[in-house]
Amino acid sequence: MALLARDLLAQDSVQATLDKIAAAAVELVDGCDAAGILAVRKGRAVTLAACGDMVRESDRLQGELGEGPCFDLARHKGSERAYPIADLSQPQPGWERFAAGARELGIGSMTGILLYADNEDFGALNLYAHRPGTFGRDIETAVWLLASHAAVALADARTIDQLEHAMDTRHAIGEAMGILMERHRLSEDDAFQVLRSISQHHNIKLRDVAQRVRTERTDPA
């Protein structure tokens, strides 16, 4: 955990920190098959970090249904910040539809911690396992420590919109680089330098240059 804390502090962005936390949960927590950080902004679910295929599907399911463990924690406004679901094959009063969808995704057990709650906006660190009964009291300390780092990282971001914008920008630039690399047989570094050079020369935001490449699929200059 001490090494992880130093590693997290060394990350160069909020997004990199959140991604590292999700990956660390899978690596460090015994039996954890996937982990992610979910944010909900005015009722809309946003996956801020995901390590494992089932994370985004579970987040989408909770968002579409408006129910699930994360929503329960935020709505109750009480002192509880953690939830354990030992066996999702068993009936789950209060969110039967989510439990049924989670079973279809192959989720056997879950655990998570609410990171913050402010009116309709909240976030949570969620851990998933295919096998029921995976998350016991012996892993609570590790989960709380990971959640604490996630909460600090989220506090560094002014809004969830800011994080969404950063993720969209990164995706657009990555896709544009891939197009240039394939078309002109460039290296990853050279493709990025092409985008950055155009951005600086024409005084256009890098994201806008990338979006133009994606949309037109022609040389941006």
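The model is a predicted one, in which local features need pLDDT of at least 70, side-chain atom pairs count only at pLDDT 80 or more, and totals for chains, interfaces and linings use all residues. Residues are numbered from 1 along each chain as its sequence is written, and side-chain values use heavy atoms, leaving out hydrogens and water. The chain has 9 helices and 5 strands.

**Overall layout**

- Helices (H or I, at least four residues) and strands (E, at least two) are DSSP runs, numbered from the N terminus.
- Starting at the N terminus, the order of elements is α-α-β-β-α-α-β-α-β-β-α-α-α-α.
- Of the 221 residues in the chain, 42% are buried; here buried means under 20% relative accessible area, exposed means over 50%, and partly exposed is in between (1.4 Å probe, protein chains only).
- Contacts are heavy atoms within 4.5 Å. Among the contacts in the chain with a separation of 6 or more, 56% link residues 24 or more positions apart.

**Helix 9 and its buried side**

- Helix 9 spans residues 206-216, and its buried residues are V209, A210 and V213.
- These residues sit on the same side of helix 9, because they cover an arc of only 100 degrees around the axis. That arc is taken from the directions from the helix axis to the C-beta atoms.

**An aromatic pair**

- A pair of aromatic rings is described by the distance of the centres and the angle of the planes.
- Rings of Phe, Tyr and Trp (its six-membered ring) pair if their centres lie within 6.5 Å; planes under 30 degrees apart are stacked, over 60 edge-to-face, and the rest tilted.
- Searching the whole structure turns up 1 aromatic pair.

**Salt bridges**

- Side chains of opposite charge can pair when their charged atoms come close.
- The rule for a salt bridge is a side-chain nitrogen of Lys or Arg within 4 Å of a carboxyl oxygen of Asp or Glu, and the count comes to 4.
- One of them joins the side chains of R60 and E57 at 2.8 Å, N to O. Both residues belong to helix 3 (residues 53-65), where they are 3 residues apart, about one turn of the helix.
- R60 is partly exposed at 35% relative accessibility, and E57 is partly exposed at 33%.
- R60 also meets E64 in a salt bridge, at 2.9 Å, N to O. R60 and E64 are 4 residues apart in helix 3, so about one helical turn separates them.
- E64 is exposed, with a relative accessible area of 57%.
- Another salt bridge pairs R97 with E67 at 3.5 Å, N to O. R97 lies in helix 5 (residues 96-104), while E67 is in the loop between helix 3 and helix 4 (69-76), so this pair ties together parts that are 30 residues apart in sequence.
- E67 itself is buried, at 10% relative accessibility.
- Through shared partners, salt bridges join E57, R60 and E64 into one network.

**Cysteines**

- A disulfide is a covalent bond between the sulfur atoms of two cysteines.
- The cut-off used here is a pair of cysteine sulfur atoms within 2.5 Å, and by that rule there are 0 disulfides.
- C32 is in no disulfide; its nearest cysteine sulfur belongs to C51 and is 7.9 Å away. C32 is buried, with a relative accessible area of 6%.
- C51 is in no disulfide either, with the sulfur of C32 as its nearest cysteine sulfur, 7.9 Å away. C51 is partly exposed, at 24% relative accessibility.

**A closer look at S109**

- S109 belongs to strand 4 (residues 109-118), and S109 is buried with a relative accessible area of 1%.
- The side chain of S109 reaches the backbone oxygen of R131 at 2.7 Å.
- Leaving aside residues up to four places away in sequence, S109 touches a set of residues including I85, A86, L88, Y128, R131 and F135.

How values were computed:
A polar contact is a pair of N or O atoms within 3.5 Å; within protein, one must be able to donate a hydrogen and the other to accept it, and residues adjacent in sequence count only if both atoms are side-chain atoms.
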